[in-house]
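Please consult the sequence and structure shown here while reading.

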Amino acid sequence: GKQLEVEKAGLMEQGEMLRGRLDEVTRDVEECQREAEAADVERKGLREQVASLTAEVAQVASLTADVAALRESLAAAEGEVARVSLEVAAMEEAGKRAAAEH
């Protein structure tokens, strides 16, 4: 009987150890799940950041194109102003000549 009692006590002790180990493993698994969820949230956040930056880059590219177009328009307008100024100067010159002749 004594032998059986000792074996039973040993088995109960092993059972307690295994239960303790199971609790540890369960906690580890839960911690891993929490970390995985946090990583998912972080990854989602990074994806959103990338999407936002991509949109910003596209916006900057669009604005750069707008600025280039405005510069071209400005250059064309300046060219037109220069041309008209030359015409006006030529007309004034012709006017002075005509006045001098009379």
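The model is predicted: local features need pLDDT of at least 70, side-chain atom pairs count only at pLDDT 80 or more, and totals for chains, interfaces and linings use all residues. Residues are numbered from 1 along each chain as its sequence is written, and side-chain values use heavy atoms, with hydrogens and water left out.

**Overall form**

The secondary structure consists of 1 helix and 0 strands (DSSP runs, numbered from the N terminus: H or I of at least four residues for helices, E of at least two for strands). The radius of gyration is 43 Å, well over the 13 Å given by the globule rule for 102 residues, so the protein is more spread out than a compact globule. That radius is taken over C-alpha atoms, and the rule is 2.2 Å times the number of residues to the power 0.38. Along the principal axes, the C-alpha atoms fill a box of roughly 150 × 10 × 10 Å.

Of the 102 residues, 0% count as buried (buried is under 20% relative accessible area, exposed over 50%, partly exposed in between, with a 1.4 Å probe and protein chains only). The accessible surface, about 9300 Å², belongs for 61% to carbon and sulfur atoms; areas come from the Shrake-Rupley method with a 1.4 Å probe, and for residues only the protein chains shown count as cover.

**Salt bridges**

Side chains of opposite charge can pair when their charged atoms come close. The count comes to 6 salt bridges, each being a side-chain nitrogen of Lys or Arg within 4 Å of a carboxyl oxygen of Asp or Glu. The table includes some of them.

| Pair | N to O distance |
|---|---|
| Glutamate 16 and arginine 19 | 2.8 Å |
| Glutamate 24 and arginine 21 | 3.1 Å |
| Arginine 83 and glutamate 87 | 2.4 Å |

Glutamate 16 and arginine 19 are 3 residues apart in helix H1 (residues 2-101), so about one helical turn separates them. Arginine 19 is partly exposed, at 49% relative accessible area. Glutamate 24 and arginine 21 also lie in helix H1, 3 residues apart; glutamate 24 is partly exposed at 39%, as is arginine 21 at 45%.

Arginine 83 and glutamate 87 lie 4 residues apart in helix H1, about one turn. Salt bridges that share partners join Glu80, Arg83 and Glu87 into one network.
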